[in-house]
Amino acid sequence: MTVSPVKGVVLVARRELNTRLRTRSFVVGTVVILLVLGGYLLLQATLIKDADTSKVGLTGQATAVAEQLREAADAAGAHVETVPVANPEQGEQQVRDGDLDALVSGSAADLGVVVKAELDQQLRAVLNGIAQQQVLNAKLLEADLDPAQVMREVGQAQVRLTELEPRDADSGQRLAIGLVIVFLMFFGIQAYGGMVAQGVVEEKASRVVEILLSTLRPWQLMLGKVIGLGLVGLVQLLILAVAGLAMAVGSGAVTLGGVAIGTVAWGLLWYLLGFFLYATVYAAAGSLVSRQEDTASVVTPVSLTLMVGFVAGFNILIQDPDSAGAQVLSLIPVFSPILMPGRIAAGVAASWEVAVALVLTVVFGALLTWVSGRVYRNAVLHTGSRMRLRTALRS
């Protein structure tokens, strides 16, 4: 009894999808990754908030400069929280205990600062500016000049700035999003690609493949397994992407919601292309052996290629995602699924680069699928010692 080609592929894919999605490892793994991601984002949001805000205690006459200190800090791009302190001794103890970053005392024109180790440079500049402003106001009043009018005229004197290559204010967030998507691509393709090879070897070792091939053709079995496990990986990545994006935006770690959503969409597309490209090779590699102990020896070259793309992706994004090397590597089909989504997230991939990479990946993936299908067909029923790749191609 045989089934139609499409129905055979659908049946195998449905079996893999139902089996894997219902496993405890899938559920527990997804929950654990979400918990780790949530904890990391919460930690980052807390660290960023704590790092950006300086807690300053004010005592004596210095309490009068609280509002001026906060306004000057905001204008300088810093964040200062002021706290009144009853006496200098109490304030110094709070500085020692780490409850205060600095204790300010004295008059506005003669401020004294106590810190535990080192005074933040931005805070130093703000406090120096307040003291200098106070002295300048006094001198202007002595000269019978209006300090406010003089400062308005001084403030109007600005340099003329021409930026030849303006810096993207959001480049840091884009880089972070790009690094995350590179990791997810590597994780998804390697984890579920390895499952394809493992599943092929399990079916060979248990002789289940012989029963399945009595009603299915080899290419139907291979394609169904690849599609089924690919969809399982897609479901997990979609859950992680949506939940992670919601947590990142909610915690304030990411403010570029539109960029992040677009990156997720591109990432899912490149995952499908990359997984299909690599998973067929994993399936062919798995068909060459009949024991689980031998699986690592045949999938290592595939995993190493993925690892090279992953390492290159991280280094390229951190150093210069728009370099000539990055452009070339992201167009090579075996690296495109890892590198191109990261460069898209970084905002440096041109439309023509994305289009060329897509076409090359699809064409190369189709070629690999044909070669892998030939190897799988000729080797999947072979038992005993490992079959050589050359033999599988010529059989």
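Me: What does "buried" mean for a residue, and which cut-offs separate buried, partly exposed and exposed?

Reply: Buried means under 20% relative accessible area, exposed means over 50%, and partly exposed lies in between (1.4 Å probe, protein chains only). Gly 230 has 5% relative accessibility, so it counts as buried. This is a predicted model, in which local features need pLDDT of at least 70 and side-chain atom pairs count only at pLDDT 80 or more, while totals for chains, interfaces and linings use all residues. Residues are numbered from 1 along each chain as its sequence is written, and side-chain values use heavy atoms, with hydrogens and water left out.

Me: Where is Gly 230 placed, and which residues does Gly 230 touch?

Reply: Helices (H or I, at least four residues) and strands (E, at least two) are DSSP runs, numbered from the N terminus. Gly 230 is in helix H9. Contact means heavy atoms within 4.5 Å. Leaving out residues up to four places away in sequence, Gly 230 touches Tyr 271 and Phe 275. Phe 276 is 46 residues from Gly 230 in sequence, and their C-alpha atoms are 7.4 Å apart.

Me: What are the totals for the protein?

Reply: The protein has 15 helices and four strands. Of its 395 residues, 39% count as buried. Among contacts with a separation of 6 or more, 74% are between residues 24 or more positions apart.

Me: How do I read a cavity, and how many are there of 30 Å³ or more?

Reply: On a 1 Å grid over the protein atoms alone, a cavity is a set of points where a 1.4 Å probe fits but cannot get out; a pocket is an open set with protein on both sides within 12 Å along at least five of seven lines, and lining residues have an atom within 4 Å of a point. Grid points are joined across faces, edges and corners, and a volume is the space filled by probe spheres set on the points. By this rule there is one cavity of 30 Å³ or more. The largest cavity has a volume of about 50 Å³. Its lining includes Ile 181, Met 185, Leu 237 and Val 264. Helices H7 (171–205), H9 (218–251) and H10 each give two or more residues to that lining.

Me: What is the make-up of the cavity lining by class?

Reply: Ala, Val, Leu, Ile, Met, Phe, Trp, Tyr, Cys and Pro count as nonpolar, Asp, Glu, Lys and Arg as charged, and the others, Gly among them, as polar. The lining of the largest cavity has seven nonpolar, one polar and no charged residues.

Me: What is the volume of the second largest pocket, and which residues are closest to its centre?

Reply: The second largest pocket has a volume of about 300 Å³. Of its 13 lining residues, Val 281, Ala 285, Leu 288, Val 302 and Leu 389 are the closest to its centre. Helix H14 gives the most to this lining, with four residues. By class, the lining has 11 nonpolar, one polar and one charged residues.

Me: How do I read strand pairing?

Reply: Two strands pair if DSSP finds at least two bridges between them. Strands E1 (residues 53–58) and E3 (residues 102–107) run parallel, joined by three bridges; Gly 57 has Leu 103 in E3 as its bridge partner. E3 and E4 (residues 110–114) run antiparallel, joined by five bridges, and form a hairpin with two residues between them.

Me: What is the phi of Arg 207?

Reply: Most residues other than glycine have a negative phi. Arg 207 has a phi near 70°, a positive value. Arg 207 is in the loop between H7 and helix H8 (208–212), and with a relative accessible area of 45% it is partly exposed.
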